[in-house]
Amino acid sequence: MRRSNCAGALQYVPEEELVIGSKSKVGLAMVIVLMSGLAVTGCKNQNKPDNLQRQALEKHENKRYNLRGQVVAKNVAANEITVQHDEIPGFMAAMTMPYKVKDPATVQEVEPGDRIAAEVVVVNGGSNYWLEDVRITEQIGRKSASAAPSVHRLNVGEHVPNLPLVNQDGRTIHLDDFKGKALLVTFIYTRCPLPNFCPRLSSQFAKIHDDLAKTPDDYRKTHLLTITFDPKYDTAPVLRKYGLAYLDDDPSGFGYWDFAFITPVDLRKVADAFGLMYFEQDNQISHTMNIVLVAPDGTVSKYWSQEWTTSELEEALRQQARTAAAVPPRASRGRTP
Amino acid sequence: MTRLLRIACIALWLAALGMPMGCSHQGGPYLSEDEMQGRALFELHCAPCHQGAHPELRKQPPKLEGLFQSKSLPSGAPATDAQVRKTIIEGRGTMPAFDQRLSKEDVDDLVKYLHTLK
């Protein structure tokens with residue numbers, strides 16, 4: 001039984017892309033058949049000037065299709081939302097994929113989990129497309145974050161919760177372990193296949209690791225922490241393998257950058273504390289992209305959830321380490337290689 | 001009946017069945033149903049990283065055209081179906097694992113499509 005949510009996808013083939021093969025005898029035979037008026041519909045009339053003109057016009061004509069689906073992720077910087085959508089008759093089968101949006105305000109408004117309706121505008125025979133007229137039909141993303149009465153995103157200056165995590169070495173750590181250092185925290189899951197999301201975040205953190213390592217004083221006073229949204233799959237060995245890929249296979253980098261999972265219950269707590277939204281469906285996790293800077297005294301110093309650059313994060317981390325009040329550094333955790 | 005006439009008859013028969021014999025697809029070879037499924041999966045799961053430039057990423061995902069034309073994969077492992085399946089399911093380096101996200105049939109279709117990339 002044929003399966004996936006992509007079944008039949010991309011079967012839309014512009015008619016102009018069907019051409020007659022003429023190099024083989026089969027192609028020659030086809031020419032004979034076509035010349036006798038018994039043509040294959042998709043291939044006939046290719047050379048009539050009026051037909052070519054019509055095709056050229058169609059190629060540059062916008063086509064619009066109705067889309068209904070659920071926002072899986074959003075990327076404000078790229079002006080892009082990823083949508084798990086129903087079949088789009090005449091254009092595409094049901095699938096999950098990123099779309100640019102015409103109105104940048106749309107990306108600000110929608111949240112992962114929201115159900116939307118929109119128009120897909122397709123030009124150049126499908127080579128370029130984007131979303132217009134995006135309407136939120138059900139605000140699931142906001143509901144999931146605000147349904148629990150206890151949800152409270154920490155304000156700047158409030159202490160982060162001292163929840164236990166398990167890092168890539170299988171060691172239990174706590175957020176308070178990082179007191180004395182400026183700590184940059186983000187959230188990913190290792191199976192994320194979207195280059196503009198988790199892989200981008202981890203690449204940015206890897207660059208920060210590289211750059212800070214060049215200034216030992218800043219390196220000693222700072223730390224990176226990546227927490228997974230997917231504790232069921234991202235076990236310590238999985239996180240270790242993932243981390244090594246971003247540390248150029250040098251395990252000493254784990255002394256500066258921890259990759260950790262947390263129980264699902266505590267994940268919800270820390271997500272609420274940091275204002276994250278996420279939900280899992282069909283082994284795919286929809287989430288917002290958030291980065292939190294924690295001061296050496298264990299309080300929230302700054303949030304990023306819309307746009308940022310690696311250099312901006314790096315500079316904030318350095319400044320936080322340099323200007324923070326003197327807090328006794330935590331004891332070394334005596335890592336294993 | 002001459003050979004050419006026989007071929008013409010076959011072409012006519014296929015035309016009657018609605019099969020576009022002699023038509024290429026997006027400039028490439030005609031794809032089987034499995035390969036078409038593989039192509040759809042490729043566009044959804046592979047193309048976002050393996051096509052286009054991604055200067056923001058730590059490591060640039062390799063292009064997959066001609067994957068099976070050489071003896072080894074970009075990783076240096078042998079360019080075999082089994083190795084490519086393993087890479088898709090388990091991931092490699094910064095490439096995410098598709099474990100539990102693609103069925104065995106999906107992976108088979110993907111590998112079949114990757115064979116068509118020249």
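Q: How do helix α3 and helix α4 of chain B cross, and at what angle?
A: In this predicted model, the axes of α3 (residues 81-90) and α4 (residues 104-116) of chain B come within 10 Å and cross at roughly 125°. That angle is why α3(B) counts as oblique to α4(B).

Q: And which hand does the crossing have, right or left?
A: The crossing in which α3(B) passes α4(B) is right-handed.

Q: Which residues meet there?
A: From α3(B) come B:D81, B:V84, B:R85, B:I88 and B:I89, and they meet B:V107, B:L110, B:V111 and B:L114 of α4(B). Sorted by class, the contact of these two helices has 7 nonpolar and 2 charged residues, with no polar ones.

Q: Switching to chain A, how many helices and strands does it have?
A: Chain A has 9 helices and 14 strands, and 39% of its 337 residues count as buried.

Q: What order do the strands take in the open sheet of 7?
A: The order in chain A is β7-β6-β10-β9-β8-β13-β14, and the pairing is mixed. The edge strands, each pairing on one side only, are β7 (172-174) and β14 (300-304) of chain A, while the twist from one strand to the next averages 35°.

Q: In what sense do β6 and β10 of chain A pair?
A: Strand β6 (residues 164-167) and strand β10 (residues 257-261) of chain A pair in the antiparallel sense, over 2 bridges, and A:V166 has A:F261 in β10(A) as its bridge partner.

Q: Which strands does helix α9 of chain A lie across?
A: Helix α9 (residues 310-323) lies across β8 (182-188), β9 (222-228), β13 (291-294) and β14 of chain A, and runs at about 145° to β8(A).

Note on methods
Residues numbered from 1 in each chain as written. Chains lettered and ligands numbered in written order. Predicted model: local features only at pLDDT ≥ 70, side-chain atom pairs only at ≥ 80, totals over all residues. Axes fitted to C-alpha atoms, helices over the stretch in contact; angles between N-to-C directions. Helix = DSSP H or I, 4+ residues; strand = E, 2+ residues; numbered from the N terminus. Parallel < 35°, antiparallel > 145°, perpendicular 65-115°, else oblique. Left-handed = near helix turned anticlockwise from the far one by under 90°. Contact = placed C-beta atoms within 7 Å. Nonpolar A, V, L, I, M, F, W, Y, C, P; charged D, E, K, R; others polar. Buried ≥ 20, exposed ≤ 12 C-beta atoms within 10 Å, placed from the backbone. Pairing = 2+ DSSP bridges.
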